[in-house]
Amino acid sequence: MPGVYLSYPFCAQKCTYCNFASGVYPRDLEHRYLEALNREIRTHAWEWEPETVYLGGGTPSQLDPADLAHLLELIPGAPWAEATLEAAPGGITPQVAHAWAAAGINRVSLGVQSFVEREIRRTGRKHTAEVVAAEIAILRDAGIRNVNLDLIAGLSAQTSGSWDESLDWIARLAPEHVSVYMLEIDEDSRLGKEMLLGGVRYGASDTPSEDQTAAFYETAVERLAALGIARYEISNFARPGYESRHNLKYWKLEPYVGFGADAHSFDGILRRQNPESVTGYLTGAAPEAVAAGDDERLFIGLRLAAGVRPTPADWRRFDGPIRRFVEAGLLTERDGLLRLTDRGVMLSNEVFQEFLT
Ligand code: SF4
């Protein structure tokens with residue numbers, strides 16, 4: 001069953017680590033965007049009823065709850081098996097949480113990133129650990145009992161002690177799902193750019209080394225497993241039954257349709273991408289379409305802890321690299337099922353590179 005993704009690339013601030021096509025824009029642009037998004041959904045020819053809906057961005061939680069409800073009314077298939085709203089901590093009141101639940105939202109993904117104030121402030125965010133705790137309680141009271149918390153390993157001022165502190169909060173708050181990302185260092189974020197090119201504004205000199213960041217990730221894997229929150233994808237961990245049904249569609253190459261700026265769609269054969277910028281999207285430019293590669297299933301499927309079963313064609317094509325990675329201890333192969341080992345997860349980019357043709 002397919003999924004629906006809605007992109008809302010507006011935020012209250014631009015976080016220093018963020019390399020998404022999101023930002024702070026004038027209110028007027030936000031109104032025009034909302035109209036265009038409504039139009040795009042209204043004019044879509046639905047050939048199926050979606051099973052999942054995911055509102056990301058950006059910060060779709062800053063949408064007026066009435067506007068959010070109106071957007072969701074345009075999507076068939078309610079109540080969906082999973083309807084996720086990405087939210088920034090701060091500002092979730094009982095009224096807002098009840099309005100989200102009434103609109104069909106049954107899962108909230110909170111972009112916490114860290115529970116340690118010094119780290120949070122360096123990212124440009126304003127929440128505290130106590131605010132996150134209070135808002136999770138509000139969500140649960142409103143009937144939203146499937147909560148994801150995002151953490152980032154590698155933030156400025158992060159130490160093994162502060163990372164443990166964040167993981168202690170995870171243990172205390174007992175979310176159903178946790179995503180752990182390692183800081184991406186590229187020129188698309190202000191912190192990444194500073195790390196690459198120098199500067200003193202965003203705390204680049206105070207970021208942990210790559211090895212430390214990798215060690216933080218490994219600590220998270222162990223501590224989350226001990227809490228019953230198991231890794232099912234490189235960056236994603238869940239209690240049994242709470243794996244993200246929507247995100248699993250991306251990794252299993254199931255179809256989904258995306259609406260809004262930079263939203264991607266996949267119909268099983270073609271991938272389409274809407275214009276990346278808000279202004280580009282507002283021009284109404286047609287999405288770009290590219291054929292999905294034959295190799296995608298293998299390297300995307302390898303992201304999953306459950307592994308992937310190479311087809312006979314995959315074996316003919318990649319027999320050499322697969323054997324090499326198995327010998328090097330980065331992959332395991334059992335009964336035709338291929339999986340990354342723990343070491344393979346840490347070196348996954350190098351493994352995937354070989355399967356990208
Ligand atoms: S991290 Fe999230 S809230 Fe921060 S700028 Fe990026 S999309 Fe917006």
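Colleague: How many residues of strand S5 (residues 147-153) are buried?

Modeller: Please bear in mind that this is a predicted model. Val147, Leu149, Leu151 and Ala153 point one way from S5, while Asn148, Asp150 and Ile152 point the other way. Residues on both of these sides are buried. Strand S5 is thus mostly covered, and the count of buried residues is seven of seven.

Colleague: Which residue of S5 is the bridge partner of Gln113?

Modeller: Strand S4 (residues 107-113) pairs with S5 in the parallel sense, over four bridges. Within S5, the bridge partner of Gln113 is Leu151.

Colleague: Which residue in S6 stands opposite Ile152?

Modeller: S5 also pairs with strand S6 (residues 177-182), in the parallel sense and over six bridges. Together with helix H6 (residues 160-173), S5 and S6 make a right-handed β-α-β unit. In S6, the residue opposite Ile152 is Tyr181.

Colleague: Are helices H12 and H14 roughly parallel or roughly antiparallel to each other?

Modeller: The axes of H12 (residues 312-327) and H14 (residues 348-355) come within 9 Å and cross at roughly 160 degrees. Angles over 145 degrees count as roughly antiparallel. The relation between H12 and H14 is therefore roughly antiparallel.

Colleague: Which residues of H14 make the contact with H12?

Modeller: H12 passes H14 in a right-handed crossing. From H12, the contact involves Phe318, Pro321, Ile322, Arg324 and Phe325. From H14, the contact is made by Glu350, Val351, Glu354 and Phe355.

Terms used. Residues numbered from 1 in each chain as written. Predicted model: local features only at pLDDT ≥ 70, side-chain atom pairs only at ≥ 80, totals over all residues. Heavy atoms only, no water. Buried < 20%, exposed > 50% of the residue type's maximum accessible area, 1.4 Å probe, protein only. Helix = DSSP H or I, 4+ residues; strand = E, 2+ residues; numbered from the N terminus. Pairing = 2+ DSSP bridges. Right-handed = clockwise from strand over helix to strand, strands pointing away. Axes fitted to C-alpha atoms, helices over the stretch in contact; angles between N-to-C directions. Parallel < 35°, antiparallel > 145°, perpendicular 65-115°, else oblique. Left-handed = near helix turned anticlockwise from the far one by under 90°. Contact = heavy atoms within 4.5 Å.
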